[in-house]
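Morning, everyone. Let me walk you through one model. Please look at the screen while I talk.

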Amino acid sequence: MTEVPSPQLRISDQERESALNALGEHMSAGRIDIDEFGERSARITAAKTRGELGELFTDLPVPHPVFGAGITAAPEPAAAPPPTPMPVPAASGEVAARQPEWSPGQRVVAALVPLVWIAAIALIATGTAGWPVIFAPIALTAVGRALWGKGFEHHDHHHRHDRHRERREEFRAMRDEHRRQRRLDP
């Protein structure tokens, strides 16, 4: 990454938006997953200085946030990134792991679940339907989860636990830094 100019300067909303746009490019390119995008987005919105934004892009190639007055859009990459190479067969003949695409059925169910929940709640709230209508979104959610969702395998449980621990540690570090800054500022 290029050096961040004046890392102690506070950032503007335009610079923050530029960073969010650049982060979205990295997610769509597959460099970061949705969980990491959420974590970094939260840190971008909480960032106060250019240095804090720059830290979030040290392990990512171009695009990076644009700093300075008159920002109107996310930065254009200096050169088009090289095409993503096809997975190369490993020595055992297996293909390298890749994030699977959603099937059309998954997309339909994912779009319907929140709509069915909203409709059920609205029907119950207006008195148009009785309380048993709540079983429709519950059933649709359960069917979608059973067909395409991850179960509570031992591995997934530990992975989630590790992510929660990392988030707690990150929060504590940010809290301690905030307290330290408050003591230093008159």
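Helices here are DSSP runs of H or I with at least four residues, strands are runs of E with at least two, and both are numbered from the N terminus. On that basis the chain has six helices and zero strands. Read along the sequence, the pattern is α-α-α-α-α-α.

Some ground rules. This is a predicted model, where local features need pLDDT of at least 70 and side-chain atom pairs count only at pLDDT 80 or more, while totals for chains, interfaces and linings use all residues. Residues are numbered from 1 along each chain as its sequence is written, and side-chain values use heavy atoms, with hydrogens and water left out.

Confidence next. pLDDT is the predictor's confidence in each residue, from 0 to 100. The chain has a mean pLDDT of 76, and 73% of its residues reach 70 or more.

Two stretches call for care. Over residues 70-74, pLDDT stays under 50. Residues 93-98 also stay under 50. A contact means heavy atoms within 4.5 Å. Beyond four places in sequence, the model has nine contacts for residues 70-74 and seven for residues 93-98. Where pLDDT is low, the predicted coordinates should not be read in detail.

Now the chain as a whole. Buried means under 20% relative accessible area, exposed means over 50%, and partly exposed is in between, using a 1.4 Å probe and protein chains only. Of the 186 residues, 19% are buried. Take the contacts with a separation of 6 or more: 61% of them join residues 24 or more positions apart.

How do H1 and H2 cross? Their axes come within 10 Å, at roughly 170 degrees; H2 covers residues 34-46. Axes are lines fitted to C-alpha atoms, for helices over the stretch in contact, and angles run from 0 to 180 degrees between N-to-C directions. So H1 is roughly antiparallel to H2. That label needs an angle over 145 degrees; under 35 is roughly parallel, 65 to 115 roughly perpendicular, and the rest oblique.

Who makes the contact? From H1, Arg16, Ala19, Leu20, Leu23, Gly24 and Met27; from H2, Ile34, Phe37, Arg40, Ser41, Ile44 and Thr45. These divide into seven nonpolar, three polar and two charged. Nonpolar covers Ala, Val, Leu, Ile, Met, Phe, Trp, Tyr, Cys and Pro; charged covers Asp, Glu, Lys and Arg; the others, Gly among them, are polar.

Stay with Arg16, in helix H1. Is Arg16 buried or exposed? Buried, with a relative accessible area of 16%. Leaving out residues up to four places away in sequence, Arg16 touches Ile11, Ile44, Thr45, Ala47 and Leu53. A polar atom of the Arg16 side chain lies 2.8 Å from the backbone oxygen of Ala47.

Over to helix H4, where Ile121 is found. Ile121 is partly exposed, at 49% relative accessibility. Its C-alpha is 8.5 Å from that of Val133, which is 12 residues apart along the chain.

Last, two backbone details. Most residues other than glycine have a negative phi, and most peptide bonds are trans. Ser6, before helix H1 (13-28), has a positive phi near 45 degrees. Ser6 is partly exposed, at 40%. The peptide bond from Val62 to Pro63 is cis, with omega near 15 degrees. Pro63 sits in the loop between helix H3 (50-55) and helix H4 (104-126).

Notes: Polar contact = N/O pair within 3.5 Å; in protein donor to acceptor, adjacent residues only side chain to side chain.
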